[in-house]
Amino acid sequence: MTETAGLFPHGTPGAYKRHQRAGEDPCEVCKRAHREAQRKRDQAGRPALAAVPAQDDGVAPIDRLERARWALTATEAAIAAGRPGLSGLIREHSRLVDLIVVMEEQQREERETRPPAQDSPWDADAI
Ligand SMILES: [Zn+2]
């Protein structure tokens, strides 16, 4: 086996693994480096995990809209490719178009009805 002991100085996650591979109990500085690396990994993973449930709700309009657009593109491709069931595909196509139009309108309304930035110190004084 090639000697790689010099590659990772003690106090690094790599050296911790080297201890383990060698069947040793890692030294204190290597254990600390290992814990630190794990903690950083955990922190890096947390925001992504927390974001998952929000997306899985299926209530986020942007997701549904994107999926409807994708389905529309797929339906158009199926029609263009001459797939069987043309009348069904065309019905599905117009259903998706209606759906997307409604969802886009909803999104626009949400944007427009969102209250503008408030708490400007000038508002009270101007009146
Ligand atoms: Zn060590």
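**A residue and its helix**

Ala15 has its place in helix α1, where helices are DSSP runs of H or I with at least four residues, strands are DSSP runs of E with at least two, and both are numbered from the N terminus. This is a predicted model, in which local features need pLDDT of at least 70 and side-chain atom pairs count only at pLDDT 80 or more, while totals for chains, interfaces and linings use all residues. Residues are numbered from 1 along each chain as its sequence is written.

Ala15 counts as buried because 20 C-beta neighbours lie inside 10 Å; a residue is buried with 20 or more other C-beta atoms within 10 Å of its own, exposed with 12 or fewer, and partly exposed in between, the C-beta atoms being placed from the backbone. Once neighbours within four places in sequence are left aside, Ala15 is in contact with Phe8, Pro9, His10 and Cys30, a contact being two residues whose C-beta atoms, placed from the backbone, lie within 7 Å. Val29 stands 14 residues from Ala15 in sequence, with 9.5 Å between the two C-alpha atoms.

Confidence in the protein chain is highest in helix α1 (residues 13–21), at a mean of 94, and lowest in helix α5 (residues 121–126), at 54, pLDDT being the predictor's confidence in each residue, from 0 to 100. The protein chain averages a pLDDT of 80, and 71% of its residues score at least 70.

Around this part, the protein chain has five helices and zero strands, and buried residues make up 6% of its 127 residues. Of the contacts with a separation of 6 or more, 32% are between residues 24 or more positions apart.

Helix α4 (residues 86–113) has 28 residues and reaches 40 Å from its first C-alpha to its last, close to the 40 Å expected at 1.5 Å a residue, where the expected span is 1.5 Å times one less than the number of residues. This helix is hardly covered, with one buried residue among its 28. Ile100 is found in helix α4 and counts as partly exposed because it has 17 C-beta neighbours inside 10 Å. Not counting residues up to four places away in sequence, Ile100 touches Leu65, Ala68, Arg69 and Leu72; Arg69 is 31 residues from Ile100 along the chain, and their C-alpha atoms are separated by 7.0 Å.
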